[in-house]
Amino acid sequence: MNKRPLCVVLGTVIFLILVFRGTLEKDDGENYQGEQKTIQCQAEEISGQGEFISLVVCDVMEEGVPLCSRIKLYAESGEGILKDIKIGNILSVTGKIYSFSHPGNPGQFDEYRYYHDQGISYRFFAQSVTIENDACEKTEQWLCDIRTSLYNSIMTCLPSDEAGVVAAMVLGEKCALSEEIQTLYQENGIAHILAISGLHLSFIGSGLFFLLRRYVMPMRPAALTTGVLLLLYGELTGFSISAQRAVWMMLCFLAARFLGRRYDLYCALALSALIQLLVHPTVLFQAGFLLSYGTVFGIAVFVQDFQQTDRDQPGIWQVFLGSLGIQIVTMPVILYYYFEINPYSVLLNVVVLPLVSVLLFMSVAGSLAVAFSLAAGRFLYGTVHYILLFYHYLGNIILELPVASYIVGRPAIWQMLLYYLLLGIWILLSHYRTEDAPVRGGILVAAVFLLVFQIPVKGQLQITNLDVGQGDCVCIRLADKTILIDGGSSDVKKIGKYRISRYLKYYGIQRLDYVFITHSDHDHTSGIIELVQAHNNMGFDIGSVVLPGIGKTDENYQELEQLCQDNGVTVNKMKKGDQIQIGQLYIRCLHPFQEYDWHTENDYSLVLKLQYGNFDGLFVGDLEKEGEQEIIGQIADVDYLKVGHHGSAGSSGEDFLAALKPEIAVISAGEGNRYGHPAPAALERLRNMGADIYSTIERGAVTTVTDGEKITVSTYK
């Protein structure tokens with residue numbers, strides 16, 4: 001380390017960030033939820049294209065008083081009011097301001113932290129924009145115009161799916177990247193090629209430096225010219241975390257050549273990380289930062305260092321070592337943030353990576369050629385098209401293989417630390433005790449097993465009311481069994497992908513033994529529909545979907561039943577008197593009976609009584625007072641109540657609550673919902689019964705844990 005002082009300095013800075021993390025991540029600013037404001041600001045960054053344009057504006061003022069440093073600005077309702085703005089323009093903007101949301105469930109993306117780490121305080125939806133001063137930053141705007149021109153060339157020459165991939169890979173522009181393609185790349189472990197990464201910039205920088213030095217100018221001017229062009233390219237692509245890392249490392253390489261010094265990859269890596277951490281310290285906790293640096297470190301250890309011990313390695317072996325190194329070094333980070341891994345990605349990258357240089361070269365060449373000849377551009381993009389078709393074809397084949405998506409769950413910090421300790425020992429032995437192959441293999445296997453091992457919790461029932469906005473979703477866990485009761489939302493999009501599945505994967509849940517759907521309303525079913533429709537049910541094995549056993553059904557009910565059957569998911573019906581037993585857990589249906597003549601979908605809500613030891617819980621869907629009268633004679637005191645219909649005024653009647661006498665009452669509703677849930681009258685009735693009330697609006701996910709005797713309640717927020 002005495003030869004690499006930058007690495008020591010980096011280690012010190014990381015230690016200080018960890019020590020003062022609480023101070024660095026302290027919440028600041030007002031909480032806004034759609035307040036109308038008129039602000040004055042300056043356009044700093046422009047991203048997106050067409051109707052997807054958004055801005056980052058700085059020096060934000062309100063009536064001459066500073067509001068914050070930076071805001072993310074969108075056009076309300078997708079209007080084109082931002083298209084004529086240029087970087088540097090002084091703006092007056094009227095619209096609605098919102099704070100970024102904190103996660104309400106384990107595993108949910110932390111929107112607030114993501115933007116806070118970039119110095120962005122709020123999002124603002126503009127209704128009108130006036131350019132107060134049209135002076136612009138000429139260099140930045142010139143680069144922005146070039147990006148738009150190149151983007152239009154890509155979209156003209158390629159089909160939409162392939163164009164979205166190339167725009168993301170070459171320009172860092174992901175507005176045209178389809179969700180299906182992005183998911184395909186992520187699930188196959190090759191999403192790194194969609195970012196402006198070190199692989200891209202190393203290829204561009206090295207190729208440009210070679211051409212300039214060989215054919216245009218001497219070495220030092222070539223190094224300077226290449227460095228300037230790389231900085232401009234980084235600015236053009238938005239300077240993402242991975243792009244910043246790659247540009248700074250490439251500049252270190254060029255500086256070493258310029259000064260006639262030896263380039264040290266580890267020092268360049270440390271300097272790049274230091275620059276980013278000194279500007280935004282909390283970026284240390286972003287997945288993108290850790291994966292970007294972990295990828296380079298893995299390649300360095302497994303290719304550069306091991307290559308020194310065996311210089312006769314074939315090229316394909318080096319690619320395999322690089323892919324293996326990336327997987328081994330970044331596996332804890334991937335599991336910590338994404339909770340699952342594709343075991344085939346190591347081999348897939350061996351096929352994918354060698355073609356990336358060709359893909360990138362032809363993409364850049366095609367974009368430039370379009371300026372002179374559309375036919376020439378399309379010809380060059382032909383190679384790009386077929387390479388990407390090959391990627392998509394190969395990715396879909398991989399996803400059909402067994403265990404293509406292996407859900408592990410989030411490892412504990414101690415597991416990650418011990419994993420890296422064992423990995424360090426393995427690397428040292430690989431360098432200095434090459435004859436101890438069985439020992440080294442055993443250490444590596446032990447490290448991986450330690451990372452993916454989950455300690456089962458036995459003898460406890462866990463009930464979690466997820467924060468799904470204006471909707472309902474309850475997850476019940478007992479040993480290795482998992483049950484969902486409902487799963488939907490009327491105000492949160494993609495609730496299955498971004499909240500329900502993220503929660504399940506966070507805990508390493510691979511199978512849903514039962515999915516009960518109380519009734520067919522969208523705010524109870526939208527997430528379940530996502531799971532059923534998705535390829536391989538988003539990685540989960542669904543035992544059966546349980547619907548209310550009623551004779552008269554509605555259209556949504558019939559469509560849901562047909563959807564399950566079309567996707568090979570077993571459908572069962574449950575009516576009054578039916579019971580399911582899972583170990584010591586009993587789930588009995590109290591409502592409806594098959595001939596029940598319901599008037600609204602809420603009326604036939606499946607009502608489930610849960611019994612575990614001396615613990616009793618009741619789940620009533622959207623049952624209201626009329627339905628409550630149907631079951632009063634079947635119920636007695638309960639410890640836990642999932643409050644009906646999100647706490648509406650028409651639910652939780654006095655007679656019903658008097659029969660239940662619930663100790664714990666949990667309400668699932670969305671902040672600022674248009675229905676006014678939970679209603680003050682329902683809350684008052686619950687308080688009069690002495691219930692402890694928990695709402696997902698204020699508390700986030702609410703978890704009730706019992707061993708059949710003692711009960712504890714914890715909340716995520």
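Where is H645 found? H645 sits in the loop between strand 18 (640-642) and helix 21 (654-660).

## Ground rules

This is a predicted model, where local features need pLDDT of at least 70 and side-chain atom pairs count only at pLDDT 80 or more, while totals for chains, interfaces and linings use all residues. Residues are numbered from 1 along each chain as its sequence is written, and side-chain values use heavy atoms, with hydrogens and water left out.

Helices (H or I, at least four residues) and strands (E, at least two) are DSSP runs, numbered from the N terminus.

## Around H645

H645 is buried, with a relative accessible area of 16%. Here buried means under 20% relative accessible area, exposed means over 50%, and partly exposed is in between (1.4 Å probe, protein chains only).

The side chain of H645 makes a polar contact with the side chain of E624, at 2.6 Å. For the record, a polar contact is a pair of N or O atoms within 3.5 Å; within protein, one must be able to donate a hydrogen and the other to accept it, and residues adjacent in sequence count only if both atoms are side-chain atoms. Leaving aside residues up to four places away in sequence, H645 also touches others, including N602, D622 and H677; contact means heavy atoms within 4.5 Å.

## Around S520

Another loop, between strand 11 (511-516) and helix 18 (522-533), holds S520. S520 counts as buried because its relative accessibility is 4%.

Two polar contacts are worth a look: the S520 side chain pairs with that of D554 at 2.8 Å, and with that of Y604 at 3.0 Å. Not counting residues up to four places away in sequence, S520 touches T525, D554, N556, Y557, E601 and Y604.

## Helix 10

Helix 10 (residues 265-279) has 15 residues, so at 1.5 Å a residue it should span 21 Å, and its end C-alpha atoms are 22 Å apart, which agrees. The expected span is 1.5 Å times one less than the number of residues.

Helix 10 is mostly covered, with eleven of its 15 residues buried; among them are Y266, C267 and Q276. At the start of helix 10, a side-chain oxygen of D264 comes to within 3.2 Å of the backbone nitrogen of Y266.

## A greasy patch

W414, L418, L421, I425, F449, F453 and I455 make a nonpolar surface patch of about 720 Å². Patches take residues with over 30% relative accessible area and no salt bridge, joining like charges within 9 Å and nonpolar side chains (Val, Leu, Ile, Met, Phe, Trp, Tyr) within 5 Å. A salt bridge is a side-chain nitrogen of Lys or Arg within 4 Å of a carboxyl oxygen of Asp or Glu. Areas come from the Shrake-Rupley method with a 1.4 Å probe; for residues, only the protein chains shown count as cover.

Helix 15 (residues 413-432) gives the largest share of the patch, four residues. W414 lies in helix 15 and counts as partly exposed, at 48% relative accessibility.
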